[in-house]
Amino acid sequence: TVAKDDTLQLIAKTLPVDGPITWTSSDDTKATVSDDGLVTGIATSGSATITATAGNANATVTITCSAGA
């Protein structure tokens, strides 16, 4: 979960050696993700799927948005 205007650092590694990773968000109106995996909450509700892609492999995580404390 990430609150509006808060950030969350995601980390992805490729094995056996580190390689380039591309980060994408399924919905930039809910959460954005930078080139280095830093997720920023944009909305106070809803969710977005963040995908890390390296070559033919990918991994996803669902980020839930909240209003915060």
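Predicted model: local features only at pLDDT ≥ 70, side-chain atom pairs only at ≥ 80, totals over all residues.

Reader: Which backbone nitrogen lies 3.2 Å from a polar atom of the Ser25 side chain?

Author: That of Asp27.

Reader: Where is the place of Ser25, and is Ser25 buried or exposed?

Author: Ser25 belongs to strand S3. Its relative accessible area is 17%, and since buried means under 20%, Ser25 counts as buried.

Reader: Which residues is Ser25 in contact with, leaving aside its neighbours within four places in sequence?

Author: They are Ala31, Thr32, Val33, Ala48, Thr49 and Ile50.

Reader: Which residues make up the largest nonpolar core?

Author: There are 10 residues in all: Val2, Leu10, Trp23, Ala31, Val33, Val39, Ala48, Ile50, Ala52 and Ile63. At least two residues of this core come from each of strand S4 (31-33) and strand S6 (47-54). S6 gives the largest share, 3 residues.

Reader: Why would such residues gather at all?

Author: As a general matter, nonpolar side chains in soluble globular proteins tend to be buried together.

Reader: Let us turn to the sheet. What is the order of the strands in the open sheet of 4 strands?

Author: The order is S1-S7-S6-S3, and the pairing is mixed. Strand S1 (2-3) and S3 are the edge strands, each pairing on one side only.

Reader: In which sense do S6 and S7 pair, and over how many bridges?

Author: S6 pairs with strand S7 (residues 57-66) in the antiparallel sense, over 8 bridges. For instance, Thr51 has Thr60 in S7 as its bridge partner.

Reader: Is Thr14 buried or exposed?

Author: Thr14 is buried, because its relative accessible area of 16% falls under 20%.

Reader: What does Thr14 touch, not counting residues up to four places away in sequence?

Author: Thr14 touches Gly19, Ile21 and Ala54.

Key: Residues numbered from 1 in each chain as written. Heavy atoms only, no water. Core = buried A, V, L, I, M, F, W, Y, C linked by side-chain atoms within 4.5 Å. Buried < 20%, exposed > 50% of the residue type's maximum accessible area, 1.4 Å probe, protein only. Contact = heavy atoms within 4.5 Å. Polar contact = N/O pair within 3.5 Å; in protein donor to acceptor, adjacent residues only side chain to side chain. Pairing = 2+ DSSP bridges.
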